[in-house]
Amino acid sequence: MIAPVPFSGRILCNLDSALGEGPTFDPGSGTAWWFNITGQELHELHIESGRKAVHPLPFLGSVLAVIDPARQLIASDQGLFLRDTKSGKLSPFALLEDKPVNRSNDGRVHPSGALWIGTMGRGAEKHSGSIYHVAGNRVTKLYGNISIPNAICFSPDGATAYFADTDVNHLMRVDIDPATALPTGDVVVLADESSSPGGLDGAVCDADGLIWNARWGASSVDVYKPDGQKIARYAVPATQPSCPAFFGAKADRLLVTSAWQGMDGTARAADPDAGKTFDLGIEVKGRFEPAFLL
């Protein structure tokens with residue numbers, strides 16, 4: 001059992017989300033972006049000035065990828081959309097799947113510019129989801145029969161992908177082509193957390209290849225070596241941390257979203273910071289999220 005490092009950070013945003021998810025940082029504008037999925041909101045926070053904006057969405061968005069200063073890609077329950085960064089105008093881009101019961105969930109951009117994005121049932125129905133590879137407007141299904149896809153991230157050299165099904169609580173790895181982000185090997189279990197409290201949620205991989213995973217239900221961000229060994233745990237002042245992202249001028253800080261989804265009044269009263277967004281307060285060797293190649 002690894003003792004958690006006490007929280008030494010700060011609340012980055014006090015505005016709470018029912019399901020805060022999908023954070024990313026755009027170094028070009030110095031802006032952090034994340035979603036309140038069930039609230040159909042896109043949150044924007046300029047880190048240096050503290051300027052905050054909340055953009056209502058006509059769908060359940062979960063992942064944002066920067067394309068260039070003028071455009072973003074958003075994954076949602078209605079497919080992929082292009083978003084004009086300045087005006088917020090949305091344009092349909094590609095369909096992920098024809099399955100109305102599903103919505104998008106976790107995803108990351110690979111160094112090649114391709115996107116891995118997962119889908120899941122709106123009620124977390126068993127085996128309803130999949131993981132897709134998106135290169136330009138070409139969508140390829142990689143893995144099916146997944147209940148809650150999470151922890152999608154990539155090694156610094158782009159040769160390894162990681163992901164999890166939170167329902168099973170196995171952290172998985174697979175060899176991939178660094179030039180395309182398409183799998184070249186079999187999926188293997190990297191870490192079996194099925195008997196541990198909490199669920200494997202969103203993750204990022206740092207410049208040293210360490211995997212930083214938000215532990216839903218366990219008030220922590222856990223750190224794994226590429227061989228699956230857990231080496232550290234950092235406390236988060238919310239029971240349901242959902243996803244981390246590197247941010248700051250040098251990508252040397254860690255942002256963590258959280259959620260109060262599923263909590264009754266008593267649970268929320270006992271967890272007053274649930275749904276808020278945090279700066280973990282430690283120095284990390286992060287990497288900026290690559291741009292989506294269009």
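Mentor: Start with burial: buried means under 20% relative accessible area, exposed over 50%, partly exposed in between (1.4 Å probe, protein chains only). The model is predicted, so local features need pLDDT of at least 70 and side-chain atom pairs pLDDT 80 or more, while totals for chains, interfaces and linings use all residues. Numbering runs from 1 along each chain as its sequence is written, and side-chain values use heavy atoms, without hydrogens or water.

The whole structure holds 10 aromatic pairs (Phe, Tyr or six-membered Trp rings, centres within 6.5 Å; stacked under 30 degrees, edge-to-face over 60, tilted otherwise). Take F25 with F247. This pair is edge-to-face, at 6.4 Å centre to centre and 70 degrees between the planes. F25 sits in strand 2 and F247 in strand 22 (residues 241-247), so the contact ties together parts 222 residues apart in sequence. (Helices, H or I with at least four residues, and strands, E with at least two, are DSSP runs numbered from the N terminus.) F25 is buried, at 7% relative accessible area. F247 is buried too, at 0%.

Now W116 and F163. Their ring centres lie 6.5 Å apart with planes at 50 degrees, so this pair is tilted. W116 belongs to strand 11 (residues 115-121) and F163 to strand 15 (residues 160-165), so parts 47 residues apart in sequence are tied together. W116 is buried at 0% relative accessibility. F163 is buried at 6%. Ring pairs extend the group: W116, Y143, F154 and F163 form a cluster.

R268 lies over the face of W260, 3.9 Å from the ring centre (NZ of Lys or CZ of Arg within 6 Å of the centre and within 35 degrees of the ring normal).

An open sheet of 4 strands runs in the order 2-3-4-5, paired antiparallel (pairing takes at least two DSSP bridges). Strand 2 (20-26) and strand 5 (52-56) are its edges, each pairing on one side only. At the strand 5 end, 5 bridges join strand 4 (residues 41-46) to strand 5. There, E41 stands opposite P56.

Finally, look at S258 in strand 23 (residues 253-258). S258 is buried, with 0% relative accessible area. Its side chain reaches the backbone oxygen of K276 at 2.7 Å. The C-alpha atoms of S258 and P244, 14 residues apart along the chain, are separated by 9.3 Å.

Notes
Polar contact = N/O pair within 3.5 Å; in protein donor to acceptor, adjacent residues only side chain to side chain.
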